[in-house]
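The following questions and answers concern a predicted model. Please consult the sequence and the structure while reading.

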Amino acid sequence: MKAIKRLAAIAEVNKTDKSHVNYDLYRLLFKEELMILAYEKIKSKAGNVGLDGESMDRIRERIDKLRSESYKFKPAKRIHIPKPGGKDKRPIDIGDPYDKMVLEVVRMILEAIFDGTFLGSSHGFRAGKGCHTALKEVKVLFRGTKWFIEGDIRKYFNTIDQDVLVKLLERRISDARFINLIRKVLGAGYYEFNTQNTDIAGVPQGNIISPILSNIYLHELDVYMGTVKEKYDAGKKRRLTRHYADAMLLRGKATRHGRFGDLKELSQLQRSAPAADPMDPVYRRLNYVRYADDFLIGVAGPRAEAEVIKKDVDAFLTAVLKIRLNDEKTKITNASKDKALFLGVNITCPRYQEEKVVNVIRYGKHFKSRKTSANIRLLLPRERVIKKLQEYSFVDRQGESQPKFA
């Protein structure tokens, strides 16, 4: 249990000190208990055929090869699967079962070092996070958004710069043998049409450590967007509209002069228009959430500023991470008139929604308060769902349900 306790200690110190440098990690790969734990984690997962009947002799065989630094990862088998909603296909690399146990231990070590340093805006491939937490954050934080920037990175996994990735790892890892092992993973290559290939760029999709490496890489984008938000946000809250402010003054006068019979009519007048001015030139807000290589930016400000933010993000990705935005899929969407697509959900922020008055308690007193407009709505993309059902013959061309006998 010493190795497992050390992993927990590594996670704790890195969560506390986000610039901590880790030494002597490679020796953790010699620990049988970690190999057994890795086996228990991956043996029952779909796609891990070949792990059944694993023996201690084979585990020790791996450890001996790691100890002598002679361990070599076998080339993966590359297949192509269709991308959702398009004709393009995504390459997936199916690794050799023999390597998966070693890769799982490497993943556990990387997760212990880096996961505690990831920001709350990162939701992909993390324990306790996922699509639902990302969408919940959009629902809560993006309220009042005027423009959505739908971020998509062009051929992300295939274009990750391996040298940049290794430099990011070396910020937190000072262990040449461990870094060299990850270089071996990246350079293992793949078989396609009976031909062996080795990419000088990219991270193999389908590899056990690819998700954590992806998050380590795009953590730089998360940090950058945090600095952009700090500079962009302005104003504590939107100013009141003239209509609302005038009605509030009239209510105050009626109360001071004892005209309590007028309060109901004035309250209705006050609620007949938004309280906050959506066109307040001083108020600015920017929000950002990411799941894997898809991200969404919400901008409460002019479209021209959203255009600048999009260009700045592309420039940062190009200069620092050597990757580019997909111009076709990265677009700016009017939050109140159109819908942004993020994680398979249509997202909109209509301005003047139906008024709803609720009871609230402030300073120990009961008040009636109105839920204002510009709340985020998450909508089912009906056309995409019908198209998917058509692919599996559950509905006909008109979208009507039909029996499926095979």
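Q: In which hand, left-handed or right-handed, does α2 pass α3 in their crossing?
A: In this predicted model, the axes of helix α2 (residues 32-42) and helix α3 (residues 56-67) come within 10 Å. The crossing by which α2 passes α3 is right-handed.

Q: How are α2 and α3 oriented to each other?
A: The axes of the two helices cross at roughly 120°. Angles of 65 to 115 degrees count as roughly perpendicular and those over 145 as roughly antiparallel. The orientation of α2 and α3 is therefore oblique.

Q: How many nonpolar residues does the contact of α2 with α3 have?
A: From α2, the contact draws on E32, M35 and I36, and from α3 on M56, I59, R60, I63 and L66. By class, there are no polar residues and 2 charged ones, and the nonpolar residues number 6.

Q: Which strands stand at the edges of the open sheet of 4 strands?
A: The strand order is β8-β9-β4-β10, with antiparallel pairing. A strand with a single partner has one side left without a neighbour in the sheet, so the edges are β8 (285-291) and β10 (331-334).

Q: Which residue of β9 stands opposite N287?
A: β8 and β9 (residues 294-300) pair in the antiparallel sense over 7 bridges. Opposite N287 stands G298.

Q: Does Q205 count as buried or exposed?
A: Q205 lies in the loop between β7 (195-197) and α9 (210-232). Beyond its neighbours within four places in sequence, Q205 has contacts that include R90, F157 and S210. Its relative accessibility is 14%, and under 20% means buried, so Q205 counts as buried.

Methods. Residues are numbered from 1 along each chain as its sequence is written. This is a predicted model: local features need pLDDT of at least 70, side-chain atom pairs count only at pLDDT 80 or more; totals for chains, interfaces and linings use all residues. Side-chain values use heavy atoms; hydrogens and water are left out. Buried means under 20% relative accessible area, exposed over 50%, partly exposed in between (1.4 Å probe, protein chains only). Contact means heavy atoms within 4.5 Å. Axes are lines fitted to C-alpha atoms, for helices over the stretch in contact, and angles run from 0 to 180 degrees between N-to-C directions. Angles under 35 degrees count as roughly parallel, over 145 as roughly antiparallel, 65 to 115 as roughly perpendicular and the rest as oblique. A crossing is left-handed if the near helix is turned anticlockwise from the far one by less than a right angle, and right-handed if clockwise. Ala, Val, Leu, Ile, Met, Phe, Trp, Tyr, Cys and Pro count as nonpolar, Asp, Glu, Lys and Arg as charged, and the others, Gly among them, as polar. Two strands pair if DSSP finds at least two bridges between them.
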